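Hi everyone, thanks for making time this morning.

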Amino acid sequence: MGRYLIKRVLLAIVSIFIVSAITFFVMNAIPGGPFNKEKATSAEAQRILEERYNLDKPIGEQYVLWIKNLAHGDWGVSLHNGRDIWSEITSRFAVSARLGGMAALVAIVLGLILGSIAALTRNRWPDRSIVFFTTLGTAMPSFVLATLLLLIFCLKLGWLPVWSSSSPNYVLPIIALSVYPMAYITRLTKTSMLDSLGQDYVRTAKAKGVPGWKVIFKHALRNALIPVVTYVGPMVAYILTGSMVVENIFTIGGLGSTFVTSITNRDYTLIMAVTLFLAILMVIANLLTDIAYKLIDPRITFE
């Protein structure tokens, strides 16, 4: 276990380094710069700004300087507003994490419940109804669903208020964020449950007179969780950082909308920091997923 964790941490560092390098060099290869605004900046002012943020140096040297600063815990400042990037990320991530955590919880719980019901009522009306709605959920993009929810329930019917930082209403953003992963988890759970219910150990448990609920929850569902956990790990990391489009539609000031704004403003330092932060979350999620495999099925080894 210890050797496996060390190996995964080393691979994670390499992965994060590769992601940062690709992002940095591709971003700098795009024409334009962070100080090219609609209102033209004088050549002297632009030269001073580039010197201040080391943008006048060769690309390779800029990357090395950025890595050195990052190794000392310095994430830099935003080229757009001069704010400290780490403070910006933590404050924005708190909003996205609150929203994403609730959306992930809804998606996981409802997905497992609906998937189990569909598997246990195969080819009957509950199964057909669940399959219909999950197919619709996976086919509809989140930004389309978010727009429809905002249009119908906020603007037309007026049942729910539009998002406000002073009185946030999480209902519609949670629905928009959770429908697709919930539908996908439902389908995964159903498929895995059907496979588990057909295994010999389930038939043996039934033949021994084990109660039905115990057969379903202790034997079938537990062994059906492996493919679900594989999907849930990266999904949670993605939702926690906030869906960029959904946050922009509901004007939620989370990390997702901050990332979109940084791209629009060509804010190099903020783009790099948010990308790196997301990569770290993904790596941690994948590591926790592998550990969860062992907890679910003790037969799995890390060798």
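Predicted model: local features only at pLDDT ≥ 70, side-chain atom pairs only at ≥ 80, totals over all residues.

Now, which residues of α6 are buried? They are Leu145, Ala146, Leu149, Leu150 and Cys154. As a reminder, an α-helix has 3.6 residues a turn, so residues three or four places apart point the same way. And what do the buried residues of α6 pack against? Their partners are α7 and α10, the latter spanning 244-249. After α6 comes Gly158, and its phi is positive, near 70°.

Let's move on to α7, residues 171-197, and its meeting with α4, residues 85-120. Two packed helices are described by the angle between their axes and the distance between the axes. Here the axes of α4 and α7 come within 6 Å, and they cross at roughly 35°. The crossing of these two, α4 and α7, is right-handed. By class, their contact has 21 nonpolar residues, along with 6 polar and 1 charged.

One last stop, on α4, the helix where you'll find Ala97. Is Ala97 buried or partly exposed? Ala97 counts as partly exposed because its relative accessible area is 24%, and buried would need under 20%. Its C-alpha is separated by 9.7 Å from that of Val236, which lies 139 residues apart from Ala97 along the chain.

That's my tour, and I'm happy to take questions!

Definitions and conventions. Residues numbered from 1 in each chain as written. Heavy atoms only, no water. Axes fitted to C-alpha atoms, helices over the stretch in contact; angles between N-to-C directions. Helix = DSSP H or I, 4+ residues; strand = E, 2+ residues; numbered from the N terminus. Left-handed = near helix turned anticlockwise from the far one by under 90°. Nonpolar A, V, L, I, M, F, W, Y, C, P; charged D, E, K, R; others polar. Buried < 20%, exposed > 50% of the residue type's maximum accessible area, 1.4 Å probe, protein only. Contact = heavy atoms within 4.5 Å.
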